[in-house]
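I opened this notebook to record a look at charged side-chain pairs. The entries below follow the order in which I looked them up.

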Amino acid sequence: MKRSQFSRRDLLVGGALLIALGNSSRGDAAEEPATPKIASPADADFAPNGFLRIDRDGRIVLVMPSVEMGQGIYTAEAMLVAEELEVGLDQISVVAAPADKMYAQPRFKAQLTGGSTSIRGFWTPLREAGAQGRTLLIGAAANSWGVPVAECSASRAVVTHHPTGRALPYAALVDAATRMPLPSSVALKSVANFSLIGKSVPRLDTPAKVNGSAVFGLDVEVPGMKTAAVTICPFIGGKLKSLQEGAARSRAGVIDVLRIDDAVAVVAHHYWAAYSALEDLQIEWDPGSNASMSSTTIRDAMKLASEIEAPTAGVHVGDLAGAFARSSKILEATYELPFLAHATLEPINTTVHVRPDGCDIWVGTQVPATAQRHAARITGLPPERVVIHNHLIGGGFGRRLAADTIEQAVHFAKQVPYPLKVVWTREQDIRHDHFRPAYYDRLHAGLDADGMPIAWTHRVTSGTVREYFDEGGWPKGKLDPDSIESAGDTPYDLKAMRVDWVRQDPPAPLNWWRGVGPTHNVFVVESFIDELAAAAGRDPVAYRRALLGKNPRSLAVLDLAVAKAGWGQKLPARSGRGVSLHDSFDTRAAMVVEVKVDDSGTIDLVRVVAAIDCGVQINPDSIRAQIEGGALFGLSAALHNLITFAGGKVEQGNFNDYRQMRFNEAPQVEVHLIRSELPPGGMGEVGTVSAAPALANAIYAATGVRLRKLPIDRSLLVARSRA
């Protein structure tokens with residue numbers, strides 16, 4: 001076997017015999033076990049709705065509207081259907097949904113996975129889908145026996161007539177159920193009657209990811225496929241000016257050199273040959289209008305805009321002028337947050353086959369319908385002739401909500417007759433990401449004689465992700481709600497407040513980043529609340545409690561987190577605990593971070609304790625995992641991450657200069673859940689939102705240094721800085 005034939009999956013499966021046979025099953029993407037092609041509803045033996053398929057052989061399939069990118073949604077959404085269908089989770093399998101408006105996220109009216117909306121959006125539709133199937137199957141059984149439906153029930157895909165003990169499996173009822181009229185409404189179980197929802201169960205996608213059989217977009221191999229490595233104009237908004245490609249074409253294994261406006265692709269029989277030939281290209285780039293762009297120019301533009309531009313109003317309540325006039329003390333602060341990249345572990349990749357009569361795209365995307373629409377526009381094909389084969393995603397965090405990489409692959413693939421896999425390097429991914437926006441925030445608070453806030457203003461200055469996400473851009477003068485999310489709706493009882501937004505679009509493209517608005521605003525709000533508590537000479541937790549009289553759910557998570565964290569217990573010198581609290585994504589979350597900071601400014605993350613009220617818990621173990629992973633993601637960003645620009649280019653390129661937290665740096669994380677029967681909240685971004693403010697507040701408690709910029713500048717934390 002040639003070295004290039006070894007794959008991650010081969011190595012995971014392990015063993016010399018399997019390695020020797022490994023590639024024999026990878027020749028056709030249609031045979032991939034984790035993402036098989038799905039049949040149309042007409043092909044299924046019993047398909048009462050778009051989500052559910054049951055065949056005469058007993059196979060039960062959920063057509064999964066959400067994409068799995070590590071958050072456990074394949075399991076959580078399957079639990080919703082299984083609960084109402086009265087089947088075990090072991091009896092149901094999942095397949096990725098095709099690009100179709102039928103699978104649109106109800107909260108967005110568009111087919112996408114993001115914003116911690118999957119469970120919130122599909123909580124009712126997927127349960128109704130399962131209940132619809134159960135109703136029809138039980139009805140079919142009752143008809144066949146000539147008995148009242150009320151005398152029948154189902155369990156583990158078997159309908160039983162209780163007075164006689166007769167039983168029929170679902171597999172035997174699909175034909176009869178198909179002939180029955182669809183019910184106009186179905187009864188859903190009460191929370192008290194759940195038998196599956198609320199239990200910690202193993203994830204459905206774990207075995208394949210452990211044994212290496214899981215298929216991500218990068219694993220796809222299609223008969224006749226060639227592989228392309230890409231070099232992209234390093235200047236933001238720059239173009240290709242000239243290209244000498246002869247040397248690259250003469251490389252062994254190289255098949256072609258393709259070009260588009262801002263990038264060049266070398267096509268070869270395998271990736272290494274294509275990648276190696278990139279260095280033989282002689283390219284001259286046109287830097288365009290952003291050649292002088294830098295982080296300093298962007299920051300200065302935001303600062304100036306914050307000071308002179310008329311803001312777009314967000315939230316305004318109470319007599320703000322009167323409240324400030326009555327204040328005993330007024331505090332103000334400015335906060336700054338950097339651009340961030342997503343740095344997903346699975347490299348950017350797309351496999352495309354463009355033909356005169358159709359186009360197939362194999363990719364892991366959070367927006368399959370958008371990808372289909374863009375590919376149709378580029379190829380000139382009708383959308384229905386563009387088939388998206390969606391795959392497991394090796395890390396999304398919002399990066400794959402943008403379809404720019406898919407568009408680029410289609411532009412290249414339409415130039416060749418064969419299927420083309422386009423793969424980016426890590427450097428290309430980080431330097432050509434669509435970034436989390438940078439922010440510049442100014443806050444003022446008026447305090448009463450007891451040090452409590454009676455007036456609050458918060459001005460956010462930033463670009464808007466919606467300019468890039470919404471086709472046609474975001475209208476000038478219109479509030480982007482995300483810009484003030486969790487700033488205009490804090491957990492606290494602030495009777496006079498104004499939150500507004502100044503739009504200042506940077507030259508760099510923007511994108512969602514694991515909860516854009518809350519990850520920024522909660523850091524600012526929770527840090528400033530801590531500043532106010534310090535100014536009042538009060539304990540930060542007691543200060544927050546005094547502002548939560550009308551928010552018992554947030555008060556409960558705060559009390560639980562601090563109790564579990566041992567808040568108030570004495571710590572060694574230069575050690576401290578910090579707290580954060582927020583109501584984001586319909587979930588209440590409190591987090592306590594404990595740190596020790598040595599005299600050189602090195603930060604030791606000792607412990608993280610979180611308390612969560614997310615309404616009904618679907619899979620508690622998965623909820624804990626989301627908080628654990630999200631917290632580490634957020635702490636890693638706060639400690640290490642920023643994207644900077646110089647000369648029109650991104651300065652970072654890989655994990656050496658855009659580093660992530662290492663195993664030996666990870667703290668102990670505890671997650672405590674509060675039981676609730678309220679509708680479920682989101683989870684994917686909650687831990688990330690909580691992390692940075694709790695960390696910064698902990699560092700203040702340990703050192704007395706207030707951090708108003710991220711990532712954390714350790715030079716401020718050396719022991720002498722306390723003076």
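The entries concern salt bridges and the accessibility of their partners.

Entry 1. I note at the outset that the model is predicted. I looked up the total for salt bridges and found 47 in the structure.

Entry 2. I examined Arg 251, which is paired with Glu 279 in a salt bridge whose closest N and O atoms are 2.8 Å apart. Arg 251 sits in the loop between helix H7 (246–249) and strand E9 (254–260), and Glu 279 in the loop between helix H8 (271–277) and strand E11 (282–286), so the contact ties together parts 28 residues apart in sequence. I then checked accessibility: Arg 251 is partly exposed at 28%, whereas Glu 279 is exposed at 63%.

Entry 3. I turned to Arg 299 and Asp 300, whose side chains form a salt bridge at 3.7 Å, N to O. Arg 299 is partly exposed, with 29% relative accessibility. Asp 300 is also partly exposed, with a relative accessible area of 38%.

Entry 4. I looked up the partner of Arg 503 and found Glu 467, with the closest N and O atoms 2.7 Å apart in their salt bridge. This pair links distant parts of the chain, 36 residues apart: Arg 503 belongs to strand E20 (residues 497–503) and Glu 467 to helix H14 (residues 466–469). Is Arg 503 buried or exposed? I found a relative accessible area of 16% for Arg 503, which is therefore buried, the cut-off being under 20%. Glu 467 is partly exposed at 29%.

Entry 5. I finally searched for shared partners. Glu 68, Arg 203, Asp 205 and Lys 209 are joined into one network by such salt bridges.

Definitions and conventions:
Residues numbered from 1 in each chain as written. Predicted model: local features only at pLDDT ≥ 70, side-chain atom pairs only at ≥ 80, totals over all residues. Heavy atoms only, no water. Salt bridge = Lys/Arg side-chain N within 4 Å of Asp/Glu carboxyl O. Helix = DSSP H or I, 4+ residues; strand = E, 2+ residues; numbered from the N terminus. Buried < 20%, exposed > 50% of the residue type's maximum accessible area, 1.4 Å probe, protein only.
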